[in-house]
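Open the structure in your viewer and keep the sequence beside it. This tour tells you what to select, stop by stop.

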Amino acid sequence: MSEAEFAVSKELIKQLIDGTIDAERLLKMDRKDKARFFNYIAVLQERVAWSDQILLRLGDKLYIVINDQRQRVAKCECGHELGDYRKNWKLACKIRTRRTIEEMSQVYDPAPAVPEPGWQEIREFFCPSCASQLAVEVVAPGYPIVFEMLPDLDKFYGEYLGAPLPDSAPDWYEDQTHAVTRQWAEKSA
Ligand SMILES: [Zn+2]
């Protein structure tokens with residue numbers, strides 16, 4: 001760490017999350033400070049109403065946590081669980097699809113920026129419990145629901161942070177989304 005840089009305190013992390021940090025301090029921050037990640041998690045943990053251990057934040061209101069059954073699940077800020085984090089959590093959401101120019105114009109401005117009906121559609125993903133909008137994707141009709149991120153948590157905690165998770169196992173890093181869609185197909189058969 002150079003003299004101009006400094007380790008990132010919890011107070012600074014709070015300013016980062018709230019967007020109130022000043023530009024000069026932001027630029028001088030030591031970007032390789034690994035304690036920063038744990039401070040970040042500690043600040044997030046103080047801000048949620050539940051006590052499951054946060055492993056990673058996926059979005060403004062979305063986390064991967066270890067729940068009370070010792071499972072790694074995607075969890076909304078409101079406490080609603082969206083299932084095993086290896087299965088695309090979007091499949092556990094309420095989904096609104098906007099397909100027509102009228103539907104898409106309600107959320108796009110100015111008009112030239114509106115996606116072209118027939119070629120693209122807007123999908124909005126909502127938490128089934130608190131109705132928070134957790135993600136939006138604009139894709140071609142029929143395109144599979146995008147699995148934005150399957151993090152290799154064991155590699156990240158073990159190799160990068162040097163703090164292996166107690167339940168680390170090779171099959172945590174495995175996309176299992178197909179198990180959900182297979183179940184749907186079996187139910188409808
Ligand atoms: Zn929620």
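The tour begins with the whole chain and then visits single residues.

**Before you start.** This is a predicted model: local features need pLDDT of at least 70, side-chain atom pairs count only at pLDDT 80 or more, and totals for chains, interfaces and linings use all residues. Numbering starts from 1 along each chain, as its sequence is written.

**Whole chain.** Colour by secondary structure. The protein chain has 6 helices and 7 strands. Both are DSSP runs, numbered from the N terminus: helices are H or I with at least four residues, strands are E with at least two. Now trace the protein chain along the sequence. The pattern reads α-α-α-β-β-β-β-β-α-β-β-α-α. Along the principal axes, the C-alpha trace spans about 55 × 45 × 30 Å.

How much of the protein chain is buried? Of its 189 residues, 13% count as such. A residue is buried if 20 or more other C-beta atoms lie within 10 Å of its own, exposed if 12 or fewer, and partly exposed in between, with C-beta atoms placed from the backbone. Contacts come next. Two residues are in contact if their C-beta atoms, placed from the backbone, lie within 7 Å. Among contacts with a separation of 6 or more in the protein chain, 42% join residues 24 or more positions apart.

**Stop 1: Arg70.** Select Arg70, in the loop between strand S2 (62-66) and strand S3 (72-76). Its phi is near 65 degrees, a positive value in a residue other than glycine. Most residues other than glycine have a negative phi, and most peptide bonds are trans. Is Arg70 buried or exposed? Arg70 counts as exposed because it has 8 C-beta neighbours inside 10 Å.

**Stop 2: Pro110.** Move on to the loop between helix H4 (101-105) and strand S6 (121-126), where Pro110 is found. Show the backbone here. The peptide bond from Asp109 to Pro110 is cis, with omega near 0 degrees.

**Stop 3: Ala131.** Go to the loop between S6 and strand S7 (133-139), and pick Ala131. Ala131 is not a glycine, yet its phi is positive, about 65 degrees. Ala131 is exposed, because 10 other C-beta atoms lie within 10 Å.

**Stop 4: Ala185.** Finish in helix H6 (residues 177-188), which holds Ala185. Ala185 has 10 other C-beta atoms within 10 Å, so it is exposed. Ala185 and Gln133 are 52 residues apart along the chain, and their C-alpha atoms are separated by 27 Å.
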